[in-house]
Amino acid sequence: MATTEDAALALPLDALHRRLGARMVPFAGYAMPIQYEGIIAEHLWTRAHAGLFDVSHMGQLLVAPVEDKALEAMLPGDITGLGNGVLRYSLLLDPHGGILDDLMVTRRDHDLYLVVNGAVKAADIAHLRSGGISVDHRDDWALLALQGPEAVTVLDRLVPGVADLRFMRAGAFVWAGHDLWVSRSGYTGEDGFEISIGVAGVEAFAEALLAAPEVKPIGLGARDSLRLEAGLPLYGHDLDPGTNPIEAGLAFAISKRRKTEGGFPGADIILGQLLGGAPRKRVGLAVDGKLPAREGALVFAGDVQVGTVTSGGFAPSVGAPIAMAYVAAANAADGTPLEIEVRGRRLAATVVPMPFKPKNYVRAEGSNA
């Protein structure tokens, strides 16, 4: 009898993951490694050294540069003014301002390069095409993320010159005859890189990275705990069509010009909330005790339900349970005492600033932020 994993698609590095002893689970239609030696160990290794993540399930899309205006009409960011080699975090919006996906857009010499979430990439492609945009889905490319404070040392040894990139900048490189597209970015809160490479070269490249003593393979479990500590929302959990950029705390994704001009889906609703406030907000919660609050747990102020947890778990670098939730705006101020219902019990929780752990991005020469 076929199992769910049997029905899942194989990543280009599937055989390598299994040789490394990964526990494989279905995710976004693929069989993916959730852990190798353990989530906490992998999490802490990435914070201290360098972790290698296989994120080849993500969608890598190309759009012709002449279609930047059409793309900008579907996003709240300044795409026409995007500089070459510059990444921009943006949001694919529905007509009501609901978030269909969050994504990265980079202008390159001959195209606009988009990275979208794996679980919704087919829907994203269809949505973009419905807006008259021609999309080239490059499923012949793999995508790796090398994250952690020692990532730059490791990658620059193999690919000289990547250390010159700053946060949210990217460029073309070559390794052993294979073309690479490298961006200084990631979703762990640590310094690091995302590397696009053709599937023909990805296994040799991954093995070269893993040969470095600073690098270990890291699974989905630690990827989730790392991004949670960094206060980064995950599509399908903290973001969905029922949320908009203002309540999600993503107003920074609306470029200054677009705040004035509008012209993106749901602009009236979004810009109205930007001025007048949203009825609810995404907040961080520090949870008392050791019991973690998981997605779907109800949040209370006294006897009144005021919100719902969207992500939660034990934070290895913090040493305590943390959570993200949407709560009524009246209960969203830092320091507000709340309670979360977990297994029939009420756990004390407090609204706290995010990120839960400071980020370590390299934003400018000689400075981390």
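This briefing covers the sheet, the helices packed on it, the nonpolar cores and the aromatic contacts. The model is predicted. An open sheet of six strands runs through it in the order S11-S12-S13-S10-S4-S14. The largest nonpolar core counts 28 residues.

**Sheet**
- Pairing in the six-stranded open sheet is mixed.
- S11 (170–175) and S14 are the edge strands, each with a single partner, so one side of each has no neighbour in the sheet.
- From one strand to the next, the twist averages 25 degrees.
- S4 and S10 run antiparallel and are joined by four bridges.
- Glycine 51 stands opposite glutamine 147 of S10.

**Helices on the sheet**
- Helix H6 (residues 151–158) lies across S4, S10, S11, S12 (178–183), S13 (192–198) and S14.
- H6 runs at about 35 degrees to S13.
- Helix H7 (residues 199–210) also packs on the sheet, touching S4, S10, S11, S12, S13 and S14.
- The direction of H7 makes about 145 degrees with that of S13.

**Helix H3**
- H3 spans residues 39–48, and its buried residues are Glu42, His43, Trp45, Thr46 and Arg47.
- Those buried residues pack against strands S3 (30–35), S4 (50–54), S10 (141–147) and S14 (215–217), and against helix H8 (220–229).

**Nonpolar cores**
- In the largest core, the residues with the most contacts inside it are Leu146, Leu155, Leu180, Val182, Phe193 and Phe205.
- S4, S10, H6, S11, S12, S13 and H7 each give two or more residues to this core.
- H7 supplies the largest share, five residues.
- Leaving aside neighbours within four places in sequence, phenylalanine 205 contacts Leu144, Leu155, Leu158, Val159, Trp175, Leu180, Ile195 and Ile197.
- A second, separate core has 20 residues, including Val55, Phe167, Ala222 and Leu232.

- Tyrosine 113 is in strand S8 (residues 112–116) and tryptophan 141 is in S10, so the pair ties together parts 28 residues apart in sequence.
- Both tyrosine 113 and tryptophan 141 are buried.

**Charges over rings**
- Arginine 108 lies over the face of tryptophan 181, at 4.8 Å from the ring centre.
- The charged end of arginine 280 sits over the ring of tyrosine 326, 4.3 Å from its centre.

Key:
Residues numbered from 1 in each chain as written. Predicted model: local features only at pLDDT ≥ 70, side-chain atom pairs only at ≥ 80, totals over all residues. Heavy atoms only, no water. Buried < 20%, exposed > 50% of the residue type's maximum accessible area, 1.4 Å probe, protein only. Contact = heavy atoms within 4.5 Å. Lys NZ or Arg CZ within 6 Å of the ring centre and 35° of its normal. Pairing = 2+ DSSP bridges. Axes fitted to C-alpha atoms, helices over the stretch in contact; angles between N-to-C directions. Core = buried A, V, L, I, M, F, W, Y, C linked by side-chain atoms within 4.5 Å.
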